[in-house]
Structure formats: structure tokens, C-alpha cells
Amino acid sequence: MTLSIKVTKKQKTFIDAAEAEVLFGGAAGGGKSYGQVVDALLFALRYPGSKQLILRRSFAELDKSLIRAALSLYPREIWSFNSSSHVGRFINGSIIDFGYCATESDVYQYQSAEYDCIRFDELTHFTEAQYVYLLSRLRGANGYPKQVKSTTNPGGIGHTWVKERFVDPAPRGSAFAALGMTRIFIPSLLDDNAFLTASDPNYRTRLLALPERERKALLDGDWDIFEGQYFSEFSRERHIIEPFEIPSSWRRYRTLDYGLDRLAVLWIALSPEGRAYVYREYCESDLPISRAAAAILERTPKGEEIYATLAPPDLWSRSQETGKTKASLFSEFGVNFTRTSNDRECGWLAVKELLCPRGGAPSLYIFSTCFELIRCLPALTVDKLKPTDCSTEPHELTHAPDALRGFAIYHTRPSEERGAVRRTHWSPDMWEDYRAADEAGRIYLKQKYGEPT
Ligand SMILES: Nc1ncnc2c1ncn2[C@@H]1O[C@H](COP(=O)(O)OP(=O)(O)O)[C@@H](O)[C@H]1O
Ligand SMILES: [Mg+2]
């Protein structure tokens, strides 16, 4: 007998994916679960006697979605389904167990099981512990490939771990290695599934009516969403671009945040239209100034002219032991700084301005190779005590965004205005800058903000 099943291009990519861990994730209606059911069928037929497990978090979901889809799709001539044990048996000896994990410990019902392929549908409904435990059930001496293939929308309880495991480490659609295994994330969009958009043209309209967070998750398949996100204007689709050769005539900056705990440097080029492109990053922990300076210089190719290297004012405070500032030490090692401001509120507003589309396009783009900035910027949360600021916890997320903030505040204030801004009331951040500054720095700050009150 011949099977006639049509699949979308993305479903084909999912079916062909040979990585040890595969995630097909994104918009609701993109055809992910259907792809999963077709892939399980093809696996069962290709590998006689193979064993697979397909999981949903609850039995009701399993029954309504995957079992129903399998019953309508799998030809009765080649398989039978036992509706009390939820086991599907093929005539070539392959089996598919349909299972669920309602509680955290439900995974132990698979303690003595062995599978060639385990499939999670709606992976973000599971916990990482459940996932990792079930990975250990992949085994068997039959020589068949051992894989975990998952599908999901963003936004469930497991959103963060799934994003960290699959979405953040590499550009979308590119395989990568982790802990000795290969992984891939295949993004899914509603437009990938012409079967649905043709048969139900109003589906998109119904998703459009959802509240913003749900809409971003279910319609856009956006992974950068969660309650309390500080940069809610950030969007992977809008702000991340593939690297390109930057014309040598564009003005280039470096901007950094430095502490012994972490150095974060961003290289940013300005297009003639005034759009900023973060084209390189370097983030490293535990570097003394000599090594930090050397690392910055090493990563700036010869012939790449840097117009200014921007640094926050705290690098101008004097060390009690040596009487020197960090800025002067960097200068001794060959990196001269231009001082930016540490006014957090103005700085974050300036970042938000860059992210917001103006005339159809934002003013800030990030090369897809700048993983750290791409990871940290959308992960910052609103400070609960001061909603105009972002939280400084977890601290490790703050360094690359702080470097960007230094650039943003420098860039968005036209140079002729920079000395002329008059303020009568100084914020605590301005006072902090002032207290930390040396003589010349204090004169500069007074010129910038006006006399302190
Ligand atoms: N290759 C296909 N052929 C026919 N119908 C499809 C195909 N892929 C998906 N569909 C249909 O499109 C709808 C959405 O697919 P589904 O797999 O449930 O999406 P998701 O799991 O991404 O939310 C379902 O009604 C499904 O039957
Ligand atoms: Mg689904």
C-alpha cells in the first residue's frame, strides 16, 4: 500500500532533522503537532521493531490532540491502537506508547522502559527535570538512531529552560553541540502552514484579538516574552540581523561596562541614516585591567578605526591605594575612554528610543552573532520598587545591556546639546557620578547637568 501524506516545508525539516535533540517551536497552528504525528509514523515504518514514546503533560490533552490525530492519519491496515493501554502496534513490530506526565514524579512509570525516540508535544508544559530524566530512557542495542523530538509553543511553565536549552545558544535553524550531543531549534510560524491558513482564514484574526503576551507567544511564536519584561519593545524579528560587511566609512564605537567580575564590550557602527548596528561583542569574567585592555585591542582588527570608546563615569573614581583611576590604567594599556553618563533612567529611555521603530524601522540592530547581548537584553525585568528602572538581578544579565546603555545615552544626545543640558534637581545617579569623579570630571558634570542642588 502507498501512503499519501502532504507535509509543509517546515514539517519536512523537522522530519529530516537527525540531531539528538530537536525542537520544533513557535506559533500555534504552525503544524507542529501534526508534524510530530507524521514523523512518528515514518520512524515506526522505517525502523521495524522500534519503540517510541509520545508525551503530553495531561491525559486529556493527549487524547484530544495526538491520539486523535494518529487515529485519523495512521492506516488501519498497518497499525492497531489499544485505547486502554494507549499503545499503538504496527505490523512490522514497531510500537508507539502514548503517555502523559501529570505530576512531576509520573516520569518514573517509565523507569524500566527503553525507547529509540521520545517525543514531547508542548514541551514548555514539562519541567526540565522530567525532560532530563526521560532522556535517560533512550537506549537499546538495535542500532537505530536515538532521538528526542519535541514540539511546543512558547510561554508555558517550562518557557525559560526550553529557551535556554534550544533557542538561545545558536542562530535559529542551526545545529549546535552541547554536552556531547547535537541540538537544533526549528522555528515555526503560522504562515508555514498553508493547510490551516487556507481552510480557516479567520484563525489569524482570532489570535490577533488575544492580549499582547499571548498574542506574541501564539501568533508570532515569540520567545522573548514574559511578565515584567523591561524591554518589551525588543523583537528578534525586528532587531536581529545577519552579519554583513560594514562600509569602512561608517563611524564605529566601542562601549563597555567593566568590573573585575565582568567585562562587557560592544562594537557599534552608525549608518549614515543614524541607525546603530552592534556588530561584535566580547564578554569575559575576572579580567584585570591589563588583560581587559589587551582583549579589547586584540578583538579590534588593525585598520578598523574606532571613533570613541565609551565608558561609564565610575571608571574615573580614584583607587584609595594607587590614587589612579581605572580609566587612566586602561589608557596606560592603550585604551582611551570617552566618558558617558550613569543616569540610568535617561540611559534606558535612550535604549528604548533606539529599539522603537521610527519611520517603519528601529534605530538599533544586533548582529545574530552577538549571543550575550541577545540573551540578556530581553531577559531584563522591571525593578519592582522602581518601575522606570530595570532590576539589577540576576546581576550577570546586566553587563552587556549596561554597555549598550552607555552608547545609547551618548548617541541620542546631540553633541552640541551635551554641555548645555541644565537641570536643577540632581538624581541619585548623578550624585553618584559626581562623588566618584575627579576634579576634571566634576567640572564636566556641572557643565553637563548644571550646578547641583
Ligand atoms: N501537513 C498537513 N496536512 C494537513 N493538515 C495539516 C498539516 N499540518 C497541519 N495541519 C492542520 O493544521 C492545523 C494546525 O496544526 P497543528 O499541528 O495542530 O499545529 P500546532 O501544533 O503547531 O499548533 C491542524 O488542524 C492540522 O490538522
Ligand atoms: Mg500543537
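Leaving out neighbours within four places in sequence, Asp192 is in contact with Thr8, Lys9, Lys10, Gly30 and Gly31; contact here means that two C-beta atoms, placed from the backbone, lie within 7 Å. This is a predicted model, in which local features need pLDDT of at least 70 and side-chain atom pairs count only at pLDDT 80 or more, while totals for chains, interfaces and linings use all residues. Residues are numbered from 1 along each chain as its sequence is written, and chains are lettered from A and ligands numbered from 1 in the order in which they are written.

**Asp192**

- Asp192 sits in the loop between strand E9 (181–188) and helix H6; helices (H or I, at least four residues) and strands (E, at least two) are DSSP runs, numbered from the N terminus.
- Asp192 counts as buried because it has 24 C-beta neighbours inside 10 Å, the cut-off for buried being 20 or more other C-beta atoms within 10 Å of its own, with C-beta atoms placed from the backbone.
- Thr8 is 184 residues away from Asp192 along the chain, yet their C-alpha atoms are separated by 6.8 Å.

**Ligand 1**

- Gly31, Lys32, Ser33, Tyr34 and Phe195 come nearest to ligand 1 among the 15 residues around it; a residue is near a molecule if its C-beta atom, placed from the backbone, lies within 6 Å of it.
- At least two residues of this shell come from each of helix H2 (32–46) and helix H6 (194–199).
- H2 gives the largest share, three residues.
- The shell holds five nonpolar, eight polar and two charged residues; Ala, Val, Leu, Ile, Met, Phe, Trp, Tyr, Cys and Pro count as nonpolar, Asp, Glu, Lys and Arg as charged, and the others, Gly among them, as polar.

**Domains**

- The domain assignment, automatic or from a database, gives domain 1 (9–218) and domain 2 (251–420).
- The C-alpha centres of domain 1 and domain 2 are 41 Å apart.

How values were computed:
Buried ≥ 20, exposed ≤ 12 C-beta atoms within 10 Å, placed from the backbone.
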